[in-house]
Amino acid sequence: MTDPIKSYKGFNKDITCRDFQYEVGKSYSLHGVVKVCESGFHACEHPLDVFKYYPPSTSRFAEVLQSGALSREEDGDSKVASSDITIVAEISLHEMIDRAVKVALDRGGKK
């Protein structure tokens, strides 16, 4: 088990992702193998990385907490797959951009 990490997740307009229905305020668990790009609950630690998977103009976004088994992207993307996820709060596009700026400043300009 790991300490929860704060990440950002994109959804379709109906708050689904890959035909799985999510709900703000709920937690979800997966029993089995967690592998980034293959299985598990996916989100990105850097808010702007979410836009690679969910277009800003047609998507909804949330702050999430990921924990349990984790698998990370190795190509510089901040995508993380986890066995446990909590959908903390829905956030606007404006908030996603604000948080991206904060993450960049906190990391000294490094993504």
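1. In this structure G10 stands opposite F61 in strand β6, and that placement belongs to an antiparallel pairing of strand β1 with β6 (residues 60-72) over seven bridges. Two strands are said to pair if DSSP finds at least two bridges between them, while helices (H or I, at least four residues) and strands (E, at least two) are DSSP runs numbered from the N terminus.

2. The model is a predicted one, in which local features need pLDDT of at least 70 and side-chain atom pairs count only at pLDDT 80 or more, whereas totals for chains, interfaces and linings use all residues. Residues are numbered from 1 along each chain as its sequence is written, and side-chain values use heavy atoms, with hydrogens and water left out.

3. Strand β1 (residues 5-11) is mostly covered, with six of its seven residues buried. Here buried means under 20% relative accessible area, exposed means over 50%, and partly exposed lies in between (1.4 Å probe, protein chains only).

4. The largest pocket has a volume of about 370 Å³. Among the 19 residues that line the largest pocket, K9, C17, R18, H42 and Y54 are the closest to its centre. Strands β1 and β5 (41-44) each supply at least two residues of this lining, and β5 gives the most, with four residues. By class the lining of the largest pocket has 11 nonpolar, four polar and four charged residues, where Ala, Val, Leu, Ile, Met, Phe, Trp, Tyr, Cys and Pro count as nonpolar, Asp, Glu, Lys and Arg as charged, and the others, Gly among them, as polar.

5. On the terms used for pockets, a 1 Å grid is laid over the protein atoms alone, and a pocket is an open set of points where a 1.4 Å probe fits, with protein on both sides within 12 Å along at least five of seven lines; lining residues have an atom within 4 Å of a point. Grid points are joined across faces, edges and corners, and a volume is the space filled by probe spheres set on the points.

6. The second largest pocket has a volume of about 170 Å³, and its lining is made up of K6, Y8, E45, R99, K102, V103, D106 and R107. Two or more of these residues come from each of β1 and α1 (93-106), with α1 giving the largest share, four residues. By class, this lining has two nonpolar, no polar and six charged residues.

7. A salt bridge is a side-chain nitrogen of Lys or Arg within 4 Å of a carboxyl oxygen of Asp or Glu, and by this rule the count comes to seven salt bridges. One of them joins the side chains of R72 and E45 (2.4 Å, N to O); R72 lies in strand β6 and E45 in the loop between β5 and β6, so this pair ties together parts that are 27 residues apart in sequence. With 40% relative accessibility, R72 counts as partly exposed.

8. R60 forms a salt bridge with E90, their closest N and O atoms being 2.8 Å apart, and this pair links distant parts of the chain, with R60 in strand β6 and E90 in strand β7 (residues 79-91), 30 residues apart. R60 is partly exposed at 26% relative accessibility, and E90 is likewise partly exposed at 35%.

9. Within helix α1, K102 and D106 lie four residues apart, about one turn of the helix, and they form a salt bridge whose closest N and O atoms are 2.8 Å apart. D106 is exposed, with a relative accessible area of 56%. Elsewhere, D49, K52 and D77 are linked in a network of salt bridges.
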